[in-house]
Amino acid sequence: MTQGAAEILLVEDSSRNSGDIIGCLNPSFGLRRVFTEQLAGVEPGLRLPYVLNVDLAKLPGKPEIESLIGRYDGAKIFILDDCSRRDFIKVHDLGATDYFVRPLSEIELAPAIIRALNRNAETAWRSLNSTQRGALRVSVKCFEDCFSRAAGDEALPAEDLKSTSAKILQATAGEDLDTWMAALRNHHSYTFRHSMFVCGTISAFSHAIGIRGIDLELLVQGALLHDIGKAGIPLHVLDKPRALDDAEWKVMRRHPEISRRYLLQQDHLDPQIVAMAAHHHERLDGRGYPDGLKGSEINDYVRLVAIGDVFSALVDKRSYKAALPKEEAIKIMMRAQDHLDMDLVSTFRDFILSS
């Protein structure tokens, strides 16, 4: 299995075909298939989403299996063959998190499985302190709301955005960055996870070098929204479980321009937030995108977010690459003098390696 792959337990009756379910799953997911009669052998306390393709009409004749299904307290997604009231009552009694009626739609089922995976990941946040836990919980809702609004070309929730950014700042400025990032590593929405990595990194680093007040607030808001344009990237490119090909990279490289166009439509949004979203892929040597800015044309806000963006991409996992240790990530960044501000990177190195 690919390092970092999500894992799902598919529980099925031997008489039922699960091909349509498997066809809806992201290829990067690990899949464990067990027949209902094998459920008793599944290790206790297994924290995987269950997708259940079982004949509910036969369960009353198999009380031990019904008991095993009902006892599991994690996410349970049932696949039904029809819309009968009997089946709806049964899945409710068995504690369904969600259910879907055939014919299945990948557009509906795949996101539900992602939500189920993230439900387990978010359970681990209980171990954080109340400030960090609260910041992550509100950030999930705010980010999903912002992403959905961007996809529909609707106005951003300005007050929620400000309050969420303030909570992230409170949770990360001066705190252990490793704790923040560790809490996010098992979240299966890469765009959310990456944005929170960048938020935490920029907040903690900027605070450590003495940035305060409105500048710090704008940096965190800009980090939160720096990839908002990805809401306009087709899902088959955005969530591809393998490295992108050249044509797909051309599509992906459009996201800063999409961000700029969308954010410029928002009333009273500070221009620096737009700049961070539009220009975080620019390079000091002028070979970045979308505008080919170079040198002094790239301001300090953008230079900081670019450092957070590169670092976060290096230390995070993808289905097609392993996460790098922070020491290795820093070595790579120190060789990127044509791309990043080396004075800032040197200070960032000292901050990261001492944390």
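This is a predicted model: local features need pLDDT of at least 70, side-chain atom pairs count only at pLDDT 80 or more; totals for chains, interfaces and linings use all residues.

Reader: Which strands stand at the edges of the open sheet, each with a single partner strand?

Author: The open sheet has five strands in the order S2-S1-S3-S4-S5, and their pairing is parallel. Each of the two edge strands has a single partner, so one side of each is left without a neighbour in the sheet. Neighbouring strands are turned by 20° against each other on average, with direction ignored. The strands at the edges are S2 (30-35) and S5 (98-101).

Reader: How many bridges join strand S1 to S2?

Author: Strand S1 covers residues 7-12 and runs parallel to S2. Within this pairing Val11 stands opposite Val34 of S2, while the bridge partner of Glu12 in S2 is Phe35. The number of bridges that join S1 to S2 is six.

Reader: How many of the six residues of S1 are buried?

Author: S1 is joined to S2 by six bridges and to strand S3 (residues 50-53) by four bridges, also in the parallel sense. On the S3 side, Leu9 stands opposite Tyr50. S1 is mostly covered, and the number of its residues that are buried is five.

Reader: Which residue in S4 is the bridge partner of Val51?

Author: In S3, Tyr50 and Leu52 point one way, whereas Val51 and Asn53 point the other way, and all of them are buried. S3 pairs with S4 in the parallel sense over three bridges, and the two strands form a right-handed β-α-β unit together with helix H2 (residues 63-71). The bridge partner of Val51 in S4 is Ile77.

Reader: At about what angle does helix H3 run to S4?

Author: Helix H3 is made of residues 85-93, and strand S4 of residues 76-80. The helix lies across S4 and also across S5. The angle at which H3 runs to S4 is about 165°.

Reader: Why do the buried residues of H15 line one face of the helix?

Author: Helix H15 (residues 326-334) has Lys326, Ala329, Ile330 and Met333 as buried residues. Seen down the axis of H15, these buried residues fall within a limited arc, so they line one face of the helix. They pack against helix H7 (177-184), helix H14 (300-315) and helix H16 (342-354).

Reader: Is Asp227 buried or exposed?

Author: Asp227 is found in the loop between helix H9 (213-225) and helix H10 (235-238). Leaving aside its neighbours within four places in sequence, Asp227 is in contact with Phe147, His194, Ser195, His255, Ser259, His280 and Asp309. A residue counts as buried under 20% relative accessible area. Asp227 has a relative accessible area of 2%, so this residue is buried.

Technical notes: Residues are numbered from 1 along each chain as its sequence is written. Side-chain values use heavy atoms; hydrogens and water are left out. Buried means under 20% relative accessible area, exposed over 50%, partly exposed in between (1.4 Å probe, protein chains only). The arc is that of the directions from the helix axis to the C-beta atoms. Contact means heavy atoms within 4.5 Å. Two strands pair if DSSP finds at least two bridges between them. Axes are lines fitted to C-alpha atoms, for helices over the stretch in contact, and angles run from 0 to 180 degrees between N-to-C directions. A crossover is right-handed if, with the strands pointing away from the viewer, the path from the first strand over the helix to the second runs clockwise.
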